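Please keep the sequence and the model in view while reading.

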Amino acid sequence: MNPVNTKPYKLPDDVVWLITGCSSGIGRALATLVASKPRHRLIATARNPADLAYLPDDNPNILRLPLDVTSPESVNAAFAAAAEHFGDGETFHPDVVVNNAGYSLSGDTESATEEETHRQMETLFFGTARVTTHAVRAMRQHLNKRGGIIFNVSSLAGLCAFPGHAYYHAGKFAVEGFSESVAREVHPDWGINVCIVEPSGVKTNFEGHSKARTQPHPAYTAADMPARKLEAYVNMGIKSGAGMTEPSAVAEAIYAVASRGERVPLRLPLGAVAWRMGKARFEGLMQDFEAVKELSGLGAQL
Ligand SMILES: NC(=O)c1ccc[n+]([C@@H]2O[C@H](COP(=O)([O-])OP(=O)(O)OC[C@H]3O[C@@H](n4cnc5c(N)ncnc54)[C@H](OP(=O)(O)O)[C@@H]3O)[C@@H](O)[C@H]2O)c1
C-alpha cells in the first residue's frame, strides 16, 4: 500500500484553521486555543453562531460562521464566506480543517428508525466527507502547494465496537475508512495530510448534549443484556471521571500534531484507554487471523 502523510508538516505563521462543531466540548476547546495564538486565523463554525459568543467579535483574524454539516448548502456557504473573508473570493486556503461535529445515536438497534439511523450517518459520515472534500479541493488548488492537515475526529468507537451503539460505530468506522482512503488518494507532492483522531472518554457534555436514544426495545431490557451492562459500567465511569480526558488536552494534542514540524500520524488515539483498547483490538484481530489461516486458503493455496 502506498504510504500516507509522507513529508513533515510545517504550520505557517498565518495559518488558517476551520473547525466544525465549535459550540461546545472539544470544538470549543480547540477554537479557544487557536484564538489565543496571535497570528493564527480561525474560522469557527457552529449550527447556531450565537453559540460562538465566547470568541471575541472585534478580531479580524476570527470569523464566526453558521455551518450544519448535514446540509450541502450550509457547507458551500461557509466555504464561500470564508473565501470572501480570508481569500480573494476565489482562492482560499484553509491550512488546518478539523471535522469535529458529531453526536451519538445510542440504544437498541432493533428499534432504531430509518430517520434516526440516516440522520446519524448523515452527520458523522456524510458531514465529515463533505467538509473533507471541500478542504482537499481548496488545499490542492493553492498555487504554492502549501498543503495542510485534515483532522477527522473519530473515536475509540471507530476502532472497537461495543453493544448498544451500532450506528455510532458505523458512522465512526466509516469516517476511518474514508479518511484512510483519501489520505492514500492525494498526490504526495500536494502536501495534504490526514489525521484520524481517536479519543476515548472526554469530559465534555457529550452524554447530555450529543446523545440521541432509540426507543428501548422490550427484548433488550434485562439487566444482564450486554448493552445494559455496558451502560451501567459507562455511567459509573462518567460519574467518577476515571480514565477520561479533558477537552483542553484533546485540543492541545491536535495543536501539537499540527505545529511540531514532524510527519503527521494517520491515526492518533488519545487517552490511555483509547491507546490500550485500540492496541488490544488489533492484537485480538491478529489472533483471529491466525485461527482462520487454513480456512483463508494459506494451506490449500486458494
Ligand atoms: N466526549 C467524548 O467522550 C468523545 C469521545 C470520542 C470522540 N468524541 C467525538 O468528539 C466530537 C465532539 O464531541 P464532544 O465530546 O465535544 O461533544 P459536544 O460538546 O456535545 O460537541 C458536539 C458538537 O457537534 C456539533 N454538532 C452536532 N451535529 C452537528 C451538525 N449537524 N452540524 C454541525 N455541528 C454539529 C454540536 O453542535 P450543537 O451545539 O449545535 O449541537 C457540538 O458543537 C464528536 O465527533 C464526538 O463523536 C467524543
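Seven strands form an open sheet in the order β3-β2-β1-β4-β6-β7-β9, with parallel pairing, where strands are DSSP E runs of at least two residues and helices are H or I runs of at least four, numbered from the N terminus, and two strands pair if DSSP finds at least two bridges between them. At the edges stand β3 (62-66) and β9 (267-270), each with a single partner strand, so one side of each has no neighbour in the sheet. From one strand to the next the twist averages 15 degrees, with axes fitted as lines to C-alpha atoms, for helices over the stretch in contact, and angles running from 0 to 180 degrees between N-to-C directions.

Strand β6 (residues 148-153) pairs with strand β7 (residues 192-199) in the parallel sense over six bridges, and N152 has I196 in β7 as its bridge partner. Helix α4 (residues 166-185) packs on the sheet, touching β6 and β7, and its direction makes about 160 degrees with that of β7; contact here requires C-beta atoms, placed from the backbone, to lie within 7 Å.

## The model and the chain

This is a predicted model, in which local features need pLDDT of at least 70 and side-chain atom pairs count only at pLDDT 80 or more, while totals for chains, interfaces and linings use all residues. Residues are numbered from 1 along each chain as its sequence is written.

The protein chain has eight helices and nine strands. Buried residues make up 38% of its 302 residues, a residue being buried if 20 or more other C-beta atoms, placed from the backbone, lie within 10 Å of its own, exposed if 12 or fewer do, and partly exposed in between.

## Around the ligand

Of the 31 residues around the ligand, G21, G25, A101, G102 and S210 come nearest, where a residue counts as near if its C-beta atom, placed from the backbone, lies within 6 Å. Helices α1 (25-35), α3 (114-140) and α5 (206-209) each supply at least two residues of this shell, and the largest share, three residues, comes from α1.

G102, one of the nearest residues, is found in the loop between β4 (96-99) and β5 (104-106). With 26 C-beta neighbours inside 10 Å, G102 counts as buried. Leaving aside residues up to four places away in sequence, G102 touches G21, T123, L124, V153 and S210.

Note on methods:
Contact = placed C-beta atoms within 7 Å.
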